[in-house]
Amino acid sequence: MSHRYVVIGAGAIGGTIGGVLARAGADVVLVARGAHARALADNGLTLRTPDGAFQIPVSVAAAPDEVRLTARDVLVFATKTHQLDAALQEWVDRPVFDGDAAVGSAGEVLPVLAALNGVVAEDKALRFFARVFGVCVWMPAAHVTPGEVITKSWPVAGHFHVARWPAALATPEDRALLEDIAATWTPAGILVALPPDVAPWKYNKLLSNLSNAVVALTGSERDGEVATAVRNEGEAVLAEAGIEYVSFEVSTAARAQGPTMRPVAGAEEVISNSTWQSLARRSGSVETDFLNGEIVRIAHGCAAAAPLNTALARLARDTAHSGRGPGELAEHELAKLLGLTDGAATERDS
């Protein structure tokens with residue numbers, strides 16, 4: 001069966017997925033809202049890459065009722081995690097057709113790919129959809145301007161690990177679907193790997209994403225003292241909870257096969273970090289509560305604490321809710337707020 005991919009959330013990740021697949025001739029619908037949806041409908045998607053910009057005609061929908069779902073569809077959720085519940089509820093009860101006959105609801109019939117950061121999207125999706133696949137996303141992309149996404153690696157735009165969630169439910173039908181996805185997505189520029197279980201990969205990515213808020217608040221991608229301390233605390237919490245994750249040695253080796261970041265003309269100041277982009281767009285919210293906040297949740301479940309991740313999540317929430325932009329703190333100021341130093345600026349971070 002030839003699949004159509006309905007990408008729900010056409011921001012940095014969803015927009016890149018849709019643009020890359022559409023450019024390769026795959027059947028794709030991008031679901032977007034507001035000015036972004038209007039720009040996509042009027043002008044197509046502008047995909048800016050290190051090798052130049054591509055103008056890609058795309059099919060666009062602004063709401064679920066604009067898409068007639070069929071049995072060959074795959075739903076790809078690529079919203080931010082804190083926006084996922086609303087999206088799931090919008091799509092779960094949509095009818096699915098085989099020809100003129102309705103064959104059930106989306107929640108009953110269609111497979112779902114959860115292409116989001118963090119480790120909770122899959123379980124959220126299982127409240128609504130029977131067949132869920134977890135996706136560990138490595139894709140250095142950004143979305144700041146309506147109608148445009150910036151992909152900082154080309155021609156390999158991303159590297160995804162994908163598996164049934166939970167892994168114990170995997171069937172031969174699931175394997176066939178995933179092999180078809182890999183055969184379509186990998187030549188298009190999204191390298192797809194099919195591990196038996198994606199959860200250890202997603203916990204590895206969760207640890208990497210703990211520094212998202214550091215990057216957003218300081219405006220620096222330097223992996224400094226604060227990012228290291230926050231990540232070390234996350235590793236200690238996962239160890240206390242007995243949660244296994246892929247080692248950074250293994251993930252670093254795997255990434256060598258995937259995206260290689262290079263400059264994109266005119267986008268040198270844009271950071272491919274979801275939290276930075278949310279602050280840059282003054283969106284009023286960030287997904288930090290499902291990144292650093294997930295480490296806090298796990299710690300609380302062990303009767304422990306994660307003070308650095310707790311404080312960092314609070315600072316990110318406050319910055320987003322107040323409408324402030326990224327990069328307002330120097331690293332030594334953030335370190336002081338987290339209790340890591342006495343606040344004395346050094347030559348290195350001043």
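Q: Which residue takes a positive phi just after H2?

A: Gly 44 does, with phi of about 80°. The model is predicted: local features need pLDDT of at least 70 and side-chain atom pairs count only at pLDDT 80 or more, whereas totals for chains, interfaces and linings use all residues. Residues are numbered from 1 along each chain as its sequence is written, and side-chain values use heavy atoms, leaving out hydrogens and water. Helices (H or I, at least four residues) and strands (E, at least two) are DSSP runs numbered from the N terminus.

Q: Where do positive phi values occur in residues other than glycine?

A: Arg 282 has phi of about 55° and is found in the loop between helix H11 (274–280) and helix H12 (292–301). Ala 303, with phi near 60°, lies in the loop between H12 and helix H13 (307–321). Ala 303 is exposed, at a relative accessible area of 75%; exposed means over 50%, buried under 20%, and partly exposed in between (1.4 Å probe, protein chains only).

Q: Why do the buried residues of H2 line one face?

A: An α-helix has 3.6 residues a turn, so residues three or four places apart point the same way. In H2 (residues 34–43), His 36, Ala 37, Ala 39 and Leu 40 are buried. Seen down the helix axis, these buried residues fall within an arc of 165° (directions from the axis to the C-beta atoms), so they line one face. Arg 38, Ala 41 and Asp 42, on the other side of H2, are exposed.

Q: Against which strands do the buried residues of H2 pack?

A: They pack against E2 (27–31), E3 (45–49), E5 (59–61) and E13 (148–151), contact meaning heavy atoms within 4.5 Å.

Q: Which peptide bonds are cis?

A: One joins Trp 154 and Pro 155, with omega about 10°; Pro 155 lies in the loop between E13 and strand E14 (158–165). Another runs from Trp 165 to Pro 166, with omega near -10°, and Pro 166 is placed in the loop between E14 and H6.

Q: How is the protein divided into domains?

A: Domain bounds come from an automatic or database domain assignment. Here domain 1 covers 1–196 and domain 2 covers 199–340. Their centres, taken over C-alpha atoms, are separated by 24 Å, and the contact takes 38 residues from domain 1 and 38 residues from domain 2.

Definitions and conventions
Arc of directions from axis to C-beta.
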